[in-house]
Amino acid sequence: MSTAHRAAASAPARVAVVTGVGLAVPGLTLPDELLGTVRDGGFDPATGLVGRDLRHKDRASRLALRATAPALRAAGLFDGDRYTGSGDTTAVVVSTNVGILENVCSFADTIARDTVLGLSPLGLPQTSSNVIAGSVAMAHGLRGPNVTLCNGPTSGLDALYWARALIVTGRADTAVVIGVEPTGDIVTKLLGTPALDGAVALVLESADRATERGARIRATVTGCAREADLAGAVARAGGFTPDLWLTEAADDPAGPPAGSVLDPAAGLGAASGALGVLQAAAAVAHLDTHGGHTVLATCGGPEGDGVAAVFLTGPDHTP
């Protein structure tokens, strides 16, 4: 996707805010662990990806569902049994680059060995890139716009851009944004490095809707942009001076001056399409304790087809 994301010239009539975050990342429990200290325990895929609600689902969908439930619960939109918001106005936006790779290769192997007669109809939906977003929507009765991005290094932040756009333009009041990448031998071979086996979910809402229902606003998605280079993306997203910059490219001379720089995905494996959403989750965790700060997240680089930048500000931020 090479079209630039144009940041609004003035404040939009509707503002997108973050009210919930959830993780299904091995060894982690809460989003603040993306910033440093990790608690004992944490998510274990061996025990966390089982249950009747996950039967006949691919690994990426199972990870996404396990991240979505705590995000909705944190936003006050899940009572443990059902989604308590308006399903008709809730969108699902998923970012994944290799989410169905293992499924497609497995089906190709089956066809080569047994012809199409060896395929199981139960598994065919798992070869669609939108199966993850569809699984989340069906599990929670979310009937708003349903989008999957498989957009390379910037995919996670692009998902935030489109979720924000759906809210700002009134196409949705709430959006569940999920970044998910499952691991596997084929994924590792393709990427050439160990990959993330996890998911992260954010709940975005219009500020008016969140305020109306008394939800805790944890961050505002202040600006989003996508440009050919880092400096252009940061400038178009708002050009603020961040207190914290979340990036893999800390040594880029075009980077903005920042109070501190952090790669929250370091040590988790190649995060690919989940990277931008992981960065946003870490930003929310930082803003939970530094409500007046500004956080910048950036993905992509010269080796790809662009750079995406997203600014998030805390609830106590003063422009």
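R39 is partly exposed, at 37% relative accessibility. Here buried means under 20% relative accessible area, exposed means over 50%, and partly exposed lies in between (1.4 Å probe, protein chains only). R39 forms a salt bridge with E33. The term means that a side-chain nitrogen of Lys or Arg lies within 4 Å of a carboxyl oxygen of Asp or Glu. In this pair the closest N and O atoms are 3.0 Å apart. E33, with a relative accessible area of 3%, is buried.

The model is predicted: local features need pLDDT of at least 70, side-chain atom pairs count only at pLDDT 80 or more, and totals for chains, interfaces and linings use all residues. Residues are numbered from 1 along each chain as its sequence is written, and side-chain values use heavy atoms, with hydrogens and water left out.

The structure holds 14 salt bridges. One of them joins the side chains of R66 and D53, at 3.0 Å from N to O. This pair links distant parts of the chain, 13 residues apart. R66 sits in helix α2 (residues 59–74), and D53 in the loop between α1 (45–48) and α2. Helices (H or I, at least four residues) and strands (E, at least two) are DSSP runs, numbered from the N terminus. R66 is partly exposed, with a relative accessible area of 23%. D53 is partly exposed too, at 45%.

Next, follow R226 and D305. Their side chains meet in a salt bridge, 2.7 Å from N to O. The two residues are 79 residues apart and link distant parts of the chain. R226 belongs to strand β6, while D305 lies in the loop between β9 (294–301) and β10 (306–313). R226 is buried, at 2% relative accessibility. D305 is partly exposed, with a relative accessible area of 39%. Elsewhere, salt bridges link R14, D173 and R209 in a network.

Two strands pair if DSSP finds at least two bridges between them. V18 stands opposite A219 in β6. Strand β1 also pairs with strand β5 (residues 198–206), in the antiparallel sense, over eight bridges. Here L23 has V200 in β5 as its bridge partner.

Why is strand β1 largely enclosed by the rest of the structure? Nine of the nine residues of β1 (residues 16–24) are buried, so the strand is largely enclosed.
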